[in-house]
Amino acid sequence: MGCGASSAKPAEAKEAAKEEVQEVKAPLVSIDESKFTSIFKKGGAQSGAWISDKLYVYVLGDNDVEEHPVEVLDINTMTATQVATFTGKDWPSTAATADGSMYALAAGPVLKIFKSSDHSEVCSVTTPSPHYVSQLAFSPDGKKIACEGDRCKSWVYSVPEGAELLALEGEKTTDYGMKPLWWDNDTLFSFHKWFLYAHTVSTKALITKFEVPKGEFVASGVHITKSKKIYVSNDNGVLHE
C-alpha cells in the first residue's frame with residue numbers, strides 16, 4: 001500500500017493544535033445508568049470497540065495473564081460470544097475502523113488486526129515497544145493504524161501490509177506515552193504529557209509542536225468529533241476541549 005497524496009491541510013491542523021485549551025464544565029451527553037450492563041464487570045473486560053451499531057468486541061484478562069479471551073456482545077440480545085483467544089502479556093487494548101470492518105487487539109508489544117465479519121487475522125506486528133502497546137487508533141479510511149507504546153514512543157503501520165510508516169518519540173525527560181489521534185488520513189496528532197505534535201505520515205514531516213503551560217495538562221484520553229472538535233481528558237479526570 002502506498003501512502004498516496006496527502007489530503008491534510010497543514011495550516012488548518014496547525015491552527016487547530018494552537019487553539020486555547022478549555023476545560024469542559026458540564027457533561028457533553030446525559031447518561032442513563034440504568035442502560036448499563038454488568039457483563040463487563042463480571043467478565044473483567046479491559047478494552048473494547050464498536051464493530052457495528054449493535055455489536056461490541058472486547059478483550060478480557062488482566063495484565064498478569066497471557067491468554068485473553070475475545071468476545072462480541074450483541075446489545076440487542078445482551079448475549080456475549082467468545083470469538084478468539086488473544087495471546088500477549090500485559091494490559092490489552094482494542095480499536096476498530098470507522099466502518100467497523102476491522103478491529104485491532106494489542107497486548108504486550110504484539111499488535112494484531114482482524115476482520116469483523118469472520119474474525120480472521122488480517123496482519124500481525126510485533127512493535128519495538130519494550131513492554132506494551134497502550135492505545136490504538138485507525139486512520140479514518142482504515143488503511144493505517146497508530147499505536148502508543150511505552151517510553152515516549154509511538155508507531156504507525158500500514159494495513160493490511162503491517163509495514164512501519166512512521167516512528168515517533170516524545171520528550172526524553174518523561175515516561176509518558178504518545179497518544180495518537182488522526183486529524184485525517186495522513187495527519188496524526190500525538191499527545192505527550194503537556195506537548196501536542198502534528199505529523200504528516202506520508203512525508204514524516206513535523207507540522208507543529210504545541211506546548212500547554214507546563215504542569216497544567218497530561219493527556220489521558222483523546223477523541224475527535226465529526227465537526228473536528230478535539231476533546232482530551234487529563235490524568236485528574238478533567239475534560240478539555
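# Briefing: strands, sheets and cores

Ile113 stands opposite Cys123 in strand S8. That pairing sits in a predicted model of a chain with two helices and 19 strands. The chain has 241 residues, and buried residues make up 45% of them. Among contacts with a separation of 6 or more, 40% are between residues 24 or more positions apart.

**The sheet S5 to S8**

- The residues Ile113 and Cys123 face each other where S7 and S8 run antiparallel, joined by five bridges.
- These two strands belong to an open sheet of four strands. Its order is S5-S6-S7-S8, and the pairing is antiparallel.
- Strand S5 (93-96) and S8 stand at the edges. Each has a single partner strand, so one side of each is left without a neighbour in the sheet.
- On average, neighbouring strands of this sheet are turned by 15 degrees against each other, direction ignored.
- Cys123 has 9% relative accessibility. The cut-off for buried is under 20%, so Cys123 counts as buried.

**The sheet S9 to S12**

- A further open sheet holds four strands in the order S9-S10-S11-S12. The pairing here is antiparallel.
- Strand S9 (133-138) and strand S12 (164-169) stand at the edges. One side of each is left without a neighbour in the sheet, because each has a single partner strand.
- Neighbouring strands of this sheet are turned by 15 degrees against each other on average, with direction ignored.
- S9 pairs with strand S10 (residues 144-149) in the antiparallel sense, over five bridges.
- Two bridge partners can be named for this pair. Gln135 has Glu148 in S10 as its partner, and Phe138 has Ile145 in S10.
- S9 and S10 form a hairpin with five residues between them. Gly142 lies in the turn and has a positive phi of about 75 degrees.
- Is S9 enclosed or open? Five of its six residues are buried, so S9 is largely enclosed by the rest of the structure.

**Nonpolar cores**

- The largest nonpolar core has 16 residues. Leu111, Ile113, Leu136 and Ile145 have the most contacts inside this core.
- Which elements give two or more residues to this core? They are strand S6 (102-107), strand S7 (110-115), strand S8 (121-126), S9, S10 and strand S11 (153-158).
- Leu136 touches residues beyond four places away in sequence. Among them are Ser93, Thr94, Ala95, Leu111, Ile145 and Cys147. Ala104, Leu105, Ala106 and Ala146 are also touched by Leu136.
- Another core, of 13 residues, lies apart from the largest one. Its members include Ala146, Trp194, Phe195 and Tyr197.

**Cysteines**

- A disulfide is a covalent bond between the sulfur atoms of two cysteines.
- How many disulfides does a search of the whole structure find? The search finds zero.
- Cys147, one of the residues touched by Leu136, has 0% relative accessibility and so counts as buried.

**Aromatic rings**

- A pair of aromatic rings is described by the distance of the centres and the angle of the planes.
- Rings count as a pair if their centres lie within 6.5 Å. By this rule there are four aromatic pairs.
- One aromatic cluster is formed by Trp50, Tyr56 and Tyr58.

**Backbone details in the loops**

- Most residues other than glycine have a negative phi, and most peptide bonds are trans.
- His119 is not a glycine, yet it has a positive phi of about 65 degrees. His119 is found in the loop between S7 and S8.
- Lys204 also is a residue other than glycine with a positive phi, near 65 degrees. Lys204 has its place in the loop between strand S15 (195-200) and strand S16 (205-211).
- Is Lys204 buried or exposed? At 52% relative accessibility, Lys204 counts as exposed, because the cut-off for exposed is over 50%.
- Val159 and Pro160 are joined by a cis peptide bond, with omega about 15 degrees. Pro160 is found in the loop between S11 and S12.

Terms used
Residues numbered from 1 in each chain as written. Predicted model: local features only at pLDDT ≥ 70, side-chain atom pairs only at ≥ 80, totals over all residues. Heavy atoms only, no water. Phe/Tyr/Trp six-rings, centres within 6.5 Å; stacked < 30°, edge-to-face > 60°. Pairing = 2+ DSSP bridges. Axes fitted to C-alpha atoms, helices over the stretch in contact; angles between N-to-C directions. Core = buried A, V, L, I, M, F, W, Y, C linked by side-chain atoms within 4.5 Å. Buried < 20%, exposed > 50% of the residue type's maximum accessible area, 1.4 Å probe, protein only. Contact = heavy atoms within 4.5 Å. Disulfide = S-S within 2.5 Å.
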